[in-house]
Amino acid sequence: MPGGAAAVSSGSGLRQTVVYLGERLGLEVRIEVRVGRRVWGAVRYIDVVLTHPTTRLALGVECKFQATSGSAEEKIAAVLNDIAAWPIRGIVVIAGPGFSANMRGYLLSTGKVLDLADLGDWLALFFGLEPNAT
């Protein structure tokens, strides 16, 4: 996949790769979309919103990169709670070597978290597009 997982080395790089995949699929792409507030009052933003130009089907994508072991993987549970409050369907895309094998396995098993390497095919299926466009 062009611009795939091997090329990503930061959170902003991950977000840019998601934007690139969305554009390659012919989707409308918006970044940092405001979507209400969190429990403690902070403004809630969606990293990337992808919208099919004809059907208007929309998907929010949160991007989580972790280079070394740390707290990003622990914060994903809170992100999944945020997604439940969105007015559109959402997923989390993860990348980076810092996710532990057990946590990565658990996150992927939720059906709400995807590895970047799987995102292009998943988006094509979700939006009803040809997978080879990625």
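Analyst: The expected span of a helix is 1.5 Å times one less than its number of residues. Helix α1 covers residues 11-24, 14 residues in total. From first C-alpha to last, α1 reaches 20 Å, close to the 20 Å expected. Keep in mind that this is a predicted model.

First, the setting. The protein chain has 4 helices and 5 strands. From the N terminus, the order is α-β-β-β-α-β-α-β-α. Of its 134 residues, 43% count as buried. Among contacts with a separation of 6 or more, 54% join residues 24 or more positions apart. The accessible surface comes to about 6900 Å², and carbon and sulfur atoms hold 53% of that.

Now the buried side of the question. The buried residues of α1 are Leu14, Thr17, Val18, Val19, Leu21 and Gly22. An α-helix has 3.6 residues a turn, so residues three or four places apart point the same way. The packing partners of these buried residues are β1 (28-37), β2, β3 (58-65), β4 (89-95) and α4 (116-127). Just after α1 comes Gly26, with a positive phi of about 80 degrees.

Arg15 forms a salt bridge with Glu32, and the closest N and O atoms are 3.0 Å apart. This pair links distant parts of the chain, with Arg15 in helix α1 and Glu32 in strand β1, 17 residues apart. Arg15 is partly exposed, at a relative accessible area of 26%. Glu32 is partly exposed too, at 38%. Most residues other than glycine have a negative phi.

Both Arg15 and Glu32 are also in contact with Asp47. Asp47 sits in strand β2, residues 43-51. Other contacts of Asp47 beyond four places in sequence include Arg30, Ile31, Val61, Glu62 and Cys63. Asp47 is buried yet has no salt bridge. The side chain of Asp47 does reach the backbone nitrogen of Cys63, at 2.7 Å.

Follow the chain past β2. His52 is in the loop between β2 and β3. His52 is buried, with a relative accessible area of 11%. Its side chain reaches the backbone nitrogen of Thr55 at 3.1 Å. Outside its sequence neighbours, His52 is in contact with Leu27, Leu57, Phe127 and Leu129. Arg56 is found in the loop between β2 and β3 as well. Arg56 has a positive phi near 70 degrees and is not a glycine. At 46% relative accessibility, Arg56 counts as partly exposed.

Last, the wider charge picture. The structure holds 4 salt bridges. One of them joins Arg44 and Asp82, with closest N and O atoms 3.3 Å apart. Arg44 lies in strand β2 and Asp82 in helix α2 (residues 72-85), so the pair ties together parts 38 residues apart in sequence. Both Arg44 and Asp82 are buried. Another joins Arg104 and Asp115 at 2.4 Å, N to O. Arg104 lies in helix α3 and Asp115 in strand β5, so this pair ties together parts 11 residues apart in sequence. Asp115 counts as buried, at 17% relative accessibility.

Definitions and conventions
Residues are numbered from 1 along each chain as its sequence is written. Side-chain values use heavy atoms; hydrogens and water are left out. Helices (H or I, at least four residues) and strands (E, at least two) are DSSP runs, numbered from the N terminus. Buried means under 20% relative accessible area, exposed over 50%, partly exposed in between (1.4 Å probe, protein chains only). Contact means heavy atoms within 4.5 Å. Accessible areas come from the Shrake-Rupley method with a 1.4 Å probe; for residues, only the protein chains shown count as cover. Lys and Arg count as positive and Asp and Glu as negative; His and the chain ends are not counted. A salt bridge is a side-chain nitrogen of Lys or Arg within 4 Å of a carboxyl oxygen of Asp or Glu. A polar contact is a pair of N or O atoms within 3.5 Å; within protein, one must be able to donate a hydrogen and the other to accept it, and residues adjacent in sequence count only if both atoms are side-chain atoms.
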